[in-house]
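Dear colleague,

Please find the structure below, handed over for your own work. My notes on what was found in it follow directly after.

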Amino acid sequence: MPISFNQPTLIGLEFRYLAETLERAHLSGNGEFTKRCQHLLEQQLGAHRVLLTHSATGALEMAAILAGIGPGDEVIMPSFTFCSTANAIVLRGGVPVFAEIRPDTLNIDETAIETAITPRTRAICVVHYAGVGCQMDTVLEIANRHGLVVIEDAAQALHADFKDRPLGTFGALSAFSFHETKNIISGEGGALVINDLDLAERAEIIWEKGTNRAQFQRGEVARYTWVDIGSSFLPSELTAAFLFAQLEAGASVTRNRLDAWQRYHAALRPLEIADRLRRPVVPQGCAHNGHIYYVLAPDGAQRDAALRAMAARGVNAVMHYVPLHSSPAGLRYGRAAGPLPITEDLASRLIRLPLHAGLMPEHQEAVVAALEHVLA
Ligand SMILES: *Cc1c(COP(=O)(O)O)cnc(C)c1O
């Protein structure tokens, strides 16, 4: 049996909540389960306002609108991220400016942000890779000094902290993902966190296709009409019902992933000491959520060979991002703030290991044995 990289898992009352939704006969968005998910997330995060979306991609698009990104505006972000981080900016006519990452966490190098700032810079979008937090105190300090909006692409970072504060609560706006590859899932799904309360009213309008429908439903306005730009960013109630069951079990999901993460980490220590790979680094102050376990091969050629050899042994290990500054759309729509040698080097060496709720310790032993064999 091959060991799969990911495996979506039911963990609670998903079926019961889906049945409840069907009985209630409200399947479109912003119903009972959407509200329950939003309240639960607000509680878990200690956040002011959360809106469920159909994806983190949608939440990032909302964030770009709310941050006022317009033609020619620049947004500083890492190149080592998923294309949705950049697409959200490009769709507003903005320009992603790709900054270097830190060699330890693969997060944006906070010391590389300031030199990337130009008179056109409007925002900084950080990405908490693998659920390990960026240095948010430094990022916020730079943003405040230059009057920039901070957006967190926290797609991978639910239930992870930086200095005892949940990721997703630092920026004016943050995006979470519930895509089936993430820790907490609803197939497709996401959430926008609005920490800058001045943006909350407009967020709701953009979310509801540019209408004041939510205000109308609360009896705050007499008519329901088109008042601003917007789109259909809401998930259906079926998605929200499934998600609510997952969110309720959030603590145990995170615990299980951290256990599996720790088993890899302990088992791979000898290989790191022998210089055959490098393990992830979690800096002081970062409480991560076990979202990804990766290793770095000594060089790109060995990584590529290792992925092929592991596949042949039935282990579905995978690479991660092709750096955006070197991708066809990144070259067309964005620019690198300067040379990005660390980004290029680490991206070429990275191997993500299978990690999911159904992964057993004996599977992990087989993965480690495969790595021992292929990274000689
Ligand atoms: C998964 C992911 C996204 C996209 O999330 P969707 O919910 O699939 O749209 C965006 N950014 C990062 C860093 C991600 O890991």
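In these notes, contact means heavy atoms within 4.5 Å. Helices (H or I, at least four residues) and strands (E, at least two) are DSSP runs, numbered from the N terminus. The model is a predicted one, in which local features need pLDDT of at least 70 and side-chain atom pairs count only at pLDDT 80 or more, while totals for chains, interfaces and linings use all residues. Residues are numbered from 1 along each chain as its sequence is written, and side-chain values use heavy atoms, with hydrogens and water left out.

Helix α3

Helix α3 (residues 56-66) is largely enclosed by the rest of the structure, because nine of its 11 residues are buried (buried is under 20% relative accessible area, exposed over 50%, partly exposed in between; 1.4 Å probe, protein chains only). Among the buried residues are L60, M62, I65 and L66. Their cover includes the strands β1 (49-53), β5 (149-153), β8 (173-177) and β9 (190-194), together with the helices α4 and α6 (200-207). Just after the helix, G68 adopts a positive phi of about 75°.

Salt bridges

A salt bridge is counted where a side-chain nitrogen of Lys or Arg lies within 4 Å of a carboxyl oxygen of Asp or Glu. The count by this rule is 19. One of them joins E204 and R49, at 2.8 Å from N to O. Since E204 belongs to helix α6 and R49 to strand β1, the pair ties together parts that are 155 residues apart in sequence. E204 is buried, at 7% relative accessible area, whereas R49 is partly exposed at 22%. Another salt bridge pairs E208 with R213 at 3.0 Å, N to O. Here E208 is buried, with 3% relative accessibility, and R213 is partly exposed, with 21%. Through shared partners, salt bridges link E42, R49, E204, R218 and E220 into one network.

The two domains

The domain assignment, which is automatic or from a database, gives domain 1 (14-248) and domain 2 (250-375). Their centres, taken over C-alpha atoms, are 25 Å apart. The contact takes 44 residues from domain 1 and 37 residues from domain 2. About 3300 Å² is buried between the domains, and carbon and sulfur atoms give 60% of this; buried area is the accessible area (1.4 Å probe) that two parts lose on being put together, summed over both. F98, E100 and N183 supply 20% of the area that domain 1 buries against domain 2, more than any other three residues.

Which salt bridge count applies between domain 1 and domain 2? The count there is one salt bridge. R335 and E74 also form a salt bridge, with their closest N and O atoms 3.1 Å apart.

The loop residue R313

R313 lies in the loop between α11 (300-312) and α12 (328-333). Its relative accessibility is 43%, so R313 counts as partly exposed. Leaving aside residues up to four places away in sequence, R313 touches A369, A370, H373 and V374. R313 and V367 are 54 residues apart in sequence, and their C-alpha atoms are 9.1 Å apart in space.

With kind regards
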